[in-house]
Amino acid sequence: MSKLLYDTGEWNFDTLKRTYDAIEEIAIGEMGLDPYPNQIEMISSDQMLDAYSSIGMPIFYNHWSFGKRFARDEAMYRKGYSGLAYEIVINSNPCISYIMEENTMTMQTLVMAHAAFGHNHFFKNNYLFKEQTDASGILDYLNFAKSYVAHCEERHGIPAVERILDCAHALMDQGVNRYGRRARPSLAEEKARAEARAAHEESSFSDLWRTLPNAQKDRRRAGEGKKAEPLQDILGLPEENLLYFLEKFSPRLKDWERELLRIVRNIAQYFFPQRQTKMMNEGCATYCHYKIMNRLFEKGLISEGSMLEFLTSHTAVVFQPDFDDQRYSGINPYALGFEMMCDIERIVTDPTEEDRRYMPDIAGTGDAMAVLRSAWANFRDDSFIAQYLSPHLMRKMRMFMLQDLAADPTYKVAAIHDERGYREVRRALSRQYDPGLRDPNIQVTGADLPGDRRLTLTHFMHNDVPLAENDTMAVLAYVADLWGFDVELRGVGKDDEQRYRYEHVKSGPAPAQPAEPLAALV
Amino acid sequence: MNVIDRRLNPKGKSLPNRQRFIRLAKETIKEAVVRSIRERALGDVESKEVVSIPMKRIAEPRLRHSSQGGDRDQVFPGNKEFVQGDTLPKPKSGQGGGGSKGSPDGEGEDDFRFTISSEEYLNILFEELELPDLAKTQLADSTAMKFARAGHSSSGSPTNLNLVRTMRNSLARRISLGRPRREDVEAVEREFAELEAKEERTKKEEARFAELTAIRERLAARSKRIAYIDPVDLRFNRFEARPLPTAQAVMFCLMDVSGSMTEDMKDLAKRFFLLLHMFLSRKYEHVEIVFIRHTSEAKEVDEDTFFHSRETGGTVVSTALAEMKRVVEDRFPLDQWNIYAAQASDGDNYASDSHTCLELLTGDILPICQYFAYVEVYDRRQAEIFHSSLNVSELWKDYQSVQEAHPNFAMKRVFSKADVFPVFHQLFAKNRKAA
């Protein structure tokens, strides 16, 4: 009797369940994946379009930019220029994967292996997601955000809310904390600490000391005056999280506007790990579905036809055009990720002399899944490339590095896939994925609160690469809106010399009244 | 694992977002719509429309690196011949690295296209336009009635019976009055039939049988007394007759088809009439069009003849006006119809006829017309040669005096396809009089 899980393209819930169980056996039993519990939701293509346009989240506040995205996606889809994603998966606990009813059973199998196990495992185990996102709370938070925004729209009108959200969206990329902060102590911890402090004071109190002169009071009496804490310290400058700064210190925002900024900021932070691990995350999921589909086939659970169908879409996903191909639009994260995962497997199980030289830690250790699982847990895109991109793969993808110096009239091929170039290419590719270099490094460096309240942003330029002018002017206008006063942006090079400067001056008379006392703001 | 079927969940969650987006992009969409009406062929005006919007209008700017300037390294796949140290010329104009360096995340965005429905299209097209001087006939004539739903009533004709409401009332009444439920009745009947069928009954069964007989009777009586559906349950959809302002209009298309009118000119005229027709059909439930063409004589014709046959001969414009007057008297009682007219001509007229025209217009036509628009069409070549405001026809000069005295008369000149919509827009703009 045939052991096939399914033998037609049609799917039904029974087959889905059976296939899921077979995949789970391989994914958890054989590959040792450790995913969140899964929840799979079947939706129609219309709903997929909906979900697509709200950044893939099932609940999201309303904003015209999602309508724009929807209009574009829909037009592209209806015209047949682009297909829909086969799946959307959400970093939540339980992990929710959307799959489309239009998919064939083979595609459903592929999607479950890819999303419900690959992505899911990555979300649960990668250190960035663990540190920076709260998988079990995100849906509740989005729910709160949606109703809060709706509530604000009711009270203050849609245009007012949209204006703030437009501004906030423009600063979303600058609204994250790049470096993890010390975890904020929980209420219980803070209470315990306050009690401990009180206890200590009680035990060390001695009335004797009271007779000592109060040094500070005396000094004040002497007319010196307590030196004000420097403004920079109060404002916590420099501050790289622009949204955070505006939310905390903008002189003109109302409370609800601050809360809106906070919502956008929290959502940006939630998506920040995804931006840093796109290549690895897709690579992990693609590698997992590839392994699982092959195992299903080996075990005789899916037919050859189904395998062929799978391979067709798999190869389409991991296709990497050459740089001189018309279709080239950068390095395909699926392709690079998948190649790297396969390459690691090769190095671990069947290394060459070269691999042993370059990666002595893992070459020939034998357990590919163990190495992969630890890589998935402990790296992000740039560090992962720096650690694991092998000469073999650079040769296979025929990578080369082009140097573009502003002072030079030509491009220079600085390194290629040869003995002299491996380290250089690897370093350059790793830098290409480094969020610290990819996103412009812009910080709030000054806010003249006692004076004209001008806000100064500084772009610490990397290799003198400037900002795109039109966009920058538009964003500065948004910042000025949120801040309420003039804003300037300076670009400085490595030598701290100013390279360029933009400013947005608010029109209208300068505020006649003196600046509000700082205490009110802090 | 949990599979949840969400397909029945509402779709269109993005609808509010889409509406917000359209509202935001409205200005741009409108420009695109106007542009498209200038360029498109006749006849497909009511089809769906693809509108493209320049990205910058609805941009979401971010602080991102410029594609130019500074020093940068980039890794590419697919090297074929390069070795270390090779140099490549940079493309001129300092455009770095071709398309591949366009934007850092590979999201090159150009113009943004999306489809709006023909309904949305026409709404935008005719937004801010209105029919002038509607009030007169609305007030004068309110004999037309329209039936509109107006809640429910307890009496009405059987066709208007509202089943859901009726059954709901009936159910409530049955429950409150305690009409035996069918299940109960059936259970009793079954038990009764069982016992009845038995040849011999025990004493206990006999007692039960007697009891059941009594229950049966009681239930039957109760069921009879409390009807399943009682007249008091009945609910009918109620309709109310509401007076409607006259919702019909007739449009007279008057066109000069004499030898001097070229195909190009007729095309311009036709575009104008077409817009007018589309516009009227949106404002009125029923629009009739009367085509009248004239050379030295005027005749009512069908659409095809109107636009496609061409004749030679002299031009006597007044004949068309006279014909229009005749048709109105014949078929369109003034108290029932809103009358509109548009006249297209190249302005060539038989010399002594202009005076007759003026008399007809001011004496007979304008008093009965809601609005009379005169469009003078120019041949493109002719316009190039004589493009001057001084160079106007006799008819134009005469009509100008009419325009000054009659607010429901307007005139414009059309030189090219691109002029048609703007001219139409000016003729029907809401604040036409102010402007």
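What share of the 435 residues in chain B is made up of buried residues? In this predicted model, the figure is 40%.

## Chain B as a whole

Chain B contains 14 helices and 13 strands, and its accessible surface comes to about 23800 Å². Of that surface, 51% belongs to carbon and sulfur atoms. When the contacts in chain B with a separation of 6 or more are considered, 82% of them are accounted for by residues 24 or more positions apart.

## Helix 4 and helix 14 of chain A

Helix 4 of chain A, which covers residues 105–125, and helix 14 of chain A, which covers residues 304–317, have axes that come within 9 Å and cross at roughly 60 degrees. The crossing in which helix 4 of chain A passes helix 14 of chain A is right-handed.

On the side of helix 4 of chain A, the contact is made by T106(A), M107(A) and L110(A), while helix 14 of chain A contributes S306(A), E309(A), F310(A) and S313(A).

N332(A) is located in the loop that lies between helix 14 and helix 15 of chain A, the latter spanning 333–349. Its relative accessibility is 14%, and N332(A) therefore counts as buried, since the cut-off for that class is under 20% relative accessible area. Leaving aside residues up to four places away in sequence, N332(A) touches V317(A), V318(A), F319(A) and Q320(A).

## Helix 18 and helix 20 of chain A

A further helix pair in chain A is formed by helix 18 (residues 381–388) and helix 20 (residues 422–432), which pack at an angle of about 170 degrees with their axes 7 Å apart. Helix 18 of chain A is therefore roughly antiparallel to helix 20 of chain A, because angles over 145 degrees are placed in that class.

The contact draws on D382(A), I385(A), A386(A) and Q387(A) from helix 18 of chain A, and on R426(A), L429(A) and S430(A) from helix 20 of chain A. For this contact of helix 18 with helix 20 of chain A, the residues divide into three nonpolar, two polar and two charged.

Key. Residues are numbered from 1 along each chain as its sequence is written. Chains are lettered from A and ligands numbered from 1 in the order in which they are written. This is a predicted model: local features need pLDDT of at least 70, side-chain atom pairs count only at pLDDT 80 or more; totals for chains, interfaces and linings use all residues. Side-chain values use heavy atoms; hydrogens and water are left out. Axes are lines fitted to C-alpha atoms, for helices over the stretch in contact, and angles run from 0 to 180 degrees between N-to-C directions. Helices (H or I, at least four residues) and strands (E, at least two) are DSSP runs, numbered from the N terminus. A crossing is left-handed if the near helix is turned anticlockwise from the far one by less than a right angle, and right-handed if clockwise. Contact means heavy atoms within 4.5 Å. Buried means under 20% relative accessible area, exposed over 50%, partly exposed in between (1.4 Å probe, protein chains only). Accessible areas come from the Shrake-Rupley method with a 1.4 Å probe; for residues, only the protein chains shown count as cover. Angles under 35 degrees count as roughly parallel, over 145 as roughly antiparallel, 65 to 115 as roughly perpendicular and the rest as oblique. Ala, Val, Leu, Ile, Met, Phe, Trp, Tyr, Cys and Pro count as nonpolar, Asp, Glu, Lys and Arg as charged, and the others, Gly among them, as polar.
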